[in-house]
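Here's a quick briefing to read with the model open beside you. Grab your viewer and follow along.

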Amino acid sequence: MVRGSRDPGSEVGAGYRQILNLAVPAFLSLIAEPLFLVADSAVVGHLGTAELAGLGVASAALTTFTGLFVFLAYATTATSSRRMGAGDRQGAAQAGVDGLGLSVIIGLLVAIMLVAIPTTVAGWFGASGAVAEQAGRYLRITGFGVPAMLATMAITGVLRGFQDTRTPLVVTVVTFSANLVLNLWFVLGMGWGIQGSAIGTLVCQIAMAVALVWVLRIRTRGLDLSLVPHLSGIASSLRDGIPLLIRTLALRAALYVTTWVAARSGAITMASYQVTMTMWNLLLMAMDALGIAGQALTGASLGAGDVRRTRSLTATMTRWGLVAGVVIGIVLAAFHQVVPALYTDDPAVHRAVAAGLLVVAAQQIVAGPAFVLDGVLIGAGDGRWLSGAQVVMLLVYLPMAWAVHLLAPSDPAAAVVWLWVAFSGFMIVRCAILAWRARGDAWMRTGA
């Protein structure tokens, strides 16, 4: 081989290893949080039904408010990975610090609301009476931890930009394991009730943020980096993040509309939809892990000015998304009669869930590539286009959802099937629009 020439085989192998090295830890980190939430729920469940329901409402509120600002992770991943690819390690680290500053500002605003009116916030999520009271007790304490939660997002984003998804995984597992121990101690040992669970969660939220900031300091040693963010950098982070916030809002709006239609189709339909949506969210984590790898690798390759490698990685990850979707869909279809039994003994709900899961299984064929391409375009810094495209996707989906609402059959199983058929239409449109964008060149802007 001529010196300096590239071996295509070795390049492909290196690309595969990079994708796996990023995607696998990201996937494990993504599933760790819901698994520990299940453990927390088991602890609080010993207190009573109102406490358990209150924890569920409070968790939904926290997840919603923090999920809206996931752009803190996405935007810092895109910016820091691009600068790393361009050889600007100082700039990559500074992007993380500026994102950290923005996260603290947003976190403080959200925290003030949660601490000041926790019971009112619980009411926004349908809670009332004793359930709202318990949710309020939890939110009044954990609300103080929202700045730490958003700071964790920002630092996780910059570490992904450094091609590091293992550190967030380790920190997540350690702190959430400590959270389980503290929950057992405070709730059952000390008898502090749901407030004990909130205190344990707050301690671990702060500990996770502190640990990741410390890791960032270690990783950037020798760069003369200050943890004081630049105002111009905060403004830039906000400017980059607003399109991704619009994208997230439009995506969540589609999910909300689907839930709204399900809720108005009867209790059995709603219960069945909730179970199928829980499974969809679980499958989403596997796809999202590939999307996270796409963010980091795309930003780095475009930062380095390597368009050919960007194309190659995009094609590889899209194929992986398709294969993952097919495999996951086949497995889910094989167990579509088993999964409902884990959630319910009601024959009507069991039948509706089983029917809905078959549609969810088929949908994974387009869901895999869609989430990968979404990650690739986020990594490329194509947020402005993504925000507009996601709004278009929502507008296309609304008539589908409304048709299901108007024409929904009385049979809950058929209603759940048609609801998921409509949402699958949304995913097909999403995949098609993202694939069309990825085929062009407008999103492949090179350099830092």
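Ala413 sits in helix H15 of this predicted model, where helices (H or I, at least four residues) and strands (E, at least two) are DSSP runs numbered from the N terminus. At 6% relative accessibility, Ala413 is buried; buried means under 20% relative accessible area, exposed means over 50%, and partly exposed is in between (1.4 Å probe, protein chains only). Ala413 touches Arg351, Ala352 and Ala355, leaving out residues up to four places away in sequence, with contact meaning heavy atoms within 4.5 Å. Ala413 and Ala352 are 61 residues apart along the chain, yet their C-alpha atoms are separated by 3.8 Å.

**Ground rules**

- Numbering starts from 1 along each chain as its sequence is written, and side-chain values use heavy atoms, with hydrogens and water left out.
- Since this is a predicted model, local features need pLDDT of at least 70 and side-chain atom pairs count only at pLDDT 80 or more, while totals for chains, interfaces and linings use all residues.

**The whole protein**

- The secondary structure comes to 15 helices and zero strands.
- Taken along the principal axes, the C-alpha atoms fill a box of roughly 70 × 50 × 35 Å.
- The radius of gyration is 22 Å, which agrees with the value near 22 Å for a compact globule of 448 residues; it is taken over C-alpha atoms, and the globule rule is 2.2 Å times the number of residues to the power 0.38.
- Buried residues make up 52% of the 448 residues.
- Of the contacts with a separation of 6 or more, 84% come from residues 24 or more positions apart.

- The mean pLDDT is 81, and 91% of the residues reach 70 or more; pLDDT is the predictor's confidence in each residue, from 0 to 100.

**Helix pairs**

- Two packed helices are described by the angle between their axes and the distance between the axes.
- The axes of H11 (residues 267–303) and H12 (residues 307–334) come within 10 Å and cross at roughly 170 degrees; axes are lines fitted to C-alpha atoms, for helices over the stretch in contact, and angles run from 0 to 180 degrees between N-to-C directions.
- H11 and H12 are therefore roughly antiparallel; angles under 35 degrees count as roughly parallel, over 145 as roughly antiparallel, 65 to 115 as roughly perpendicular and the rest as oblique.
- On the H11 side, the residues making that contact include Met279, Leu283 and Met287, while H12 brings in residues including Met317, Trp320 and Ile328.
- By class, the contact of H11 with H12 has 14 nonpolar, six polar and one charged residues; Ala, Val, Leu, Ile, Met, Phe, Trp, Tyr, Cys and Pro count as nonpolar, Asp, Glu, Lys and Arg as charged, and the others, Gly among them, as polar.
- H10 (residues 231–263) and H14 (residues 383–407) have axes that come within 8 Å and cross at roughly 10 degrees, so H10 is roughly parallel to H14.
- The contact of H10 with H14 has 18 nonpolar, five polar and two charged residues.

- Asp374 in helix H13 (residues 347–379) is buried, with a relative accessible area of 4%.
- Not counting residues up to four places away in sequence, Asp374 touches Arg247, Leu386, Arg430 and Leu434.
- His336 is in the loop between H12 and H13, and it's buried at a relative accessible area of 17%.
- Leaving aside neighbours within four places in sequence, His336 is in contact with Ala354, Leu357 and Leu358.
- C-alpha to C-alpha, His336 and His350 are 9.8 Å apart in space and 14 residues apart in sequence.
- Thr156 lies in helix H7 (residues 146–161) and is buried, with a relative accessible area of 12%.
- Beyond its neighbours within four places in sequence, Thr156 is in contact with Pro168 and Leu212.
- Pro168 belongs to helix H8 (residues 166–189) and is buried too, with a relative accessible area of 6%.
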